[in-house]
Amino acid sequence: MADPQVAICVDFGSTFTKASLVDLAEARIVAAAEHPTTLPVDGHGDILDGYDACLAALTEADPRAAGAEVLACSSAGGGLRIAVIGNEELVTAEAGRRVALSSGGKVVAVLAAAAQAGDAAPYRALRDAAPDVLLLTGGTDGGNSEVLLQAARDLVASGWDGPVVVAGNADAQAEVSAVLGDVPHVLADNVVPRIGVLAPDSARAAIREMFLTHVIGGKHLSPRADFLAMVRGATPDVVLTGVELLADGLDAERPGAGDVVVVDVGGATTDVHSVVELDPEDSGLSREVVATTRVTRTVEGDLGMRWSAQSTVEAANLPELADAARARTDDPGFLPADAADLDDDEAIARAAVGLALRRHAGRSRVVVSPEGRVVERTGKDLRAVDLVVGSGGVLRHGRDGVSERVLAGSVGADLEGGWQLPERAPVVVDTQYLLAAVGLLAPEDLDTAHRLARRLLAAGRV
């Protein structure tokens with residue numbers, strides 16, 4: 001029987017498996033451990049080998065760990081890969097892409113169905129991107145349903161037999177379900193129920209369901225049943241839930257505050273999560289076709305510390321780091337051996353963070369329109385956020401002052417270029433993987449999750 005006083009929160013990452021023992025009564029992490037993630041190779045190995053090593057370390061630190069309930073999230077084995085099908089590229093396909101990102105997935109393909117109607121070949125080509133789940137969107141509620149229905153027919157004709165989340169025109173969903181037939185699928189609310197509205201929550205929950213029921217087992221990361229039993233969701237989805245609770249806790253402590261941005265620098269990608277309350281007066285300032293949502297996640301697949309190190313320094317135009325980046329790409333397990341290596345790691349991280357935050361935040365500029373001079377904004381306005389949280393090994397294990405150096409040029413007033421970056425927000429590093437733990441605990445024990453989030457707020461002195 002599980003010890004009701006403690007829980008183990010685990011993140012099966014692409015490189016490291018991290019585990020924390022949480023005292024539920026005190027809402028604090030009492031022990032932590034990490035171990036290289038052990039992925040099966042040529043039929044040998046088990047992702048739980050790394051977890052077993054973490055469990056042994058936690059139990060040595062606190063014997064209660066041996067009987068603790070285990071809650072886990074995973075981005076191992078490529079994480080959650082999603083392909084999006086929408087009516088057209090600018091609206092429903094783009095809306096689906098944003099929803100897929102907020103669901104913790106890496107978007108590997110986007111297909112505009114209207115341009116491919118009646119042709120199954122582009123759907124067969126989706127297989128080359130190796131998605132785990134397809135998100136099928138299209139049409140506003142009550143609008144034209146033919147493109148969505150034809151997309152379902154073409155998908156079946158292509159031979160696709162993987163999981164599908166249908167989140168298009170509500171009036172056509174019963175017919176779409178009939179067309180899909182034996183193809184595993186689940187129906188969710190339309191992500192674009194009407195023009196100018198983006199509604200991600202139902203589709204996000206449906207993608208999570210598909211991840212748990214079809215994807216985790218399908219990756220064959222472990223033959224043991226306890227792996228499937230402990231996983232609650234994809235790591236980015238779980239972390240985004242933690243970010244939402246962090247924002248709620250900040251607003252409770254300082255009413256009117258609550259805007260948070262988290263930048264997570266990984267080996268392959270740099271993720272940015274933001275929770276920003278939208279100003280209704282700003283709704284007419286953006287030229288974007290798809291509405292911005294309060295909760296947003298972006299994934300920059302070309303920005304990272306190891307697998308993506310070379311593309312990072314190329315995107316940042318830093319030829320002086322080319323050799324250092326190549327060494328890290330060639331050896332993703334590279335560990336800094338001296339001060340020069342640490343300097344290079346920080347420089348690569350600074351480039352990844354700067355580019356990822358700018359792509360997420362976008363710009364603000366004055367343009368001339370038929371109505372006169374107006375402010376045009378793209379992306380998510382982060383200028384007034386109340387807290388910036390840094391995450392990732394380079395920040396957790398870096399030298400004193402690493403967060404200030406890595407975030408230099410991305411946080412602060414008077415930054416050049418019109419970028420909508422944080423101006424006055426305090427910065428805190430999630431050194432204990434609290435956000436993943438908060439997100440994992442939220443469905444099980446919301447009070448403890450909120451109290452745990454407040455520890456991160458206290459560390460940020462907000």
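This note goes through the strands and helices of a predicted model.

1. Local features are taken at pLDDT of at least 70 and side-chain atom pairs only at pLDDT 80 or more, while totals for chains, interfaces and linings use all residues. Residues are numbered from 1 along each chain as its sequence is written, and side-chain values use heavy atoms, with hydrogens and water left out.

2. Strands (E, at least two residues) and helices (H or I, at least four) are DSSP runs numbered from the N terminus.

3. S1 pairs on two accounts, where pairing requires at least two DSSP bridges. With strand S2 (residues 16–23) it runs antiparallel over seven bridges; Ile8 stands opposite Leu21, and three residues separate the two strands of this hairpin. With strand S4 (residues 68–74) S1 runs parallel, again over seven bridges, and Cys9 has Leu71 as its bridge partner.

4. An open sheet of five parallel strands has the order S6-S5-S7-S8-S9. Strands S6 (105–112) and S9 (185–187) are at the edges with a single partner each, so one side of each lacks a neighbour in the sheet. Within the sheet, S5 (residues 80–86) and S7 (residues 133–136) share four bridges, and Ala83 is partnered by Leu134 of S7.

5. Helix H2 (residues 92–102) packs on this sheet, touching S5, S6 and S7 (contact: heavy atoms within 4.5 Å). The direction of H2 makes about 170 degrees with that of S6 (axes fitted to C-alpha atoms, for helices over the stretch in contact; angles from 0 to 180 degrees between N-to-C directions). Helix H4 (residues 146–157) lies across S5, S7 and S8 (164–166), at about 155 degrees to S7.
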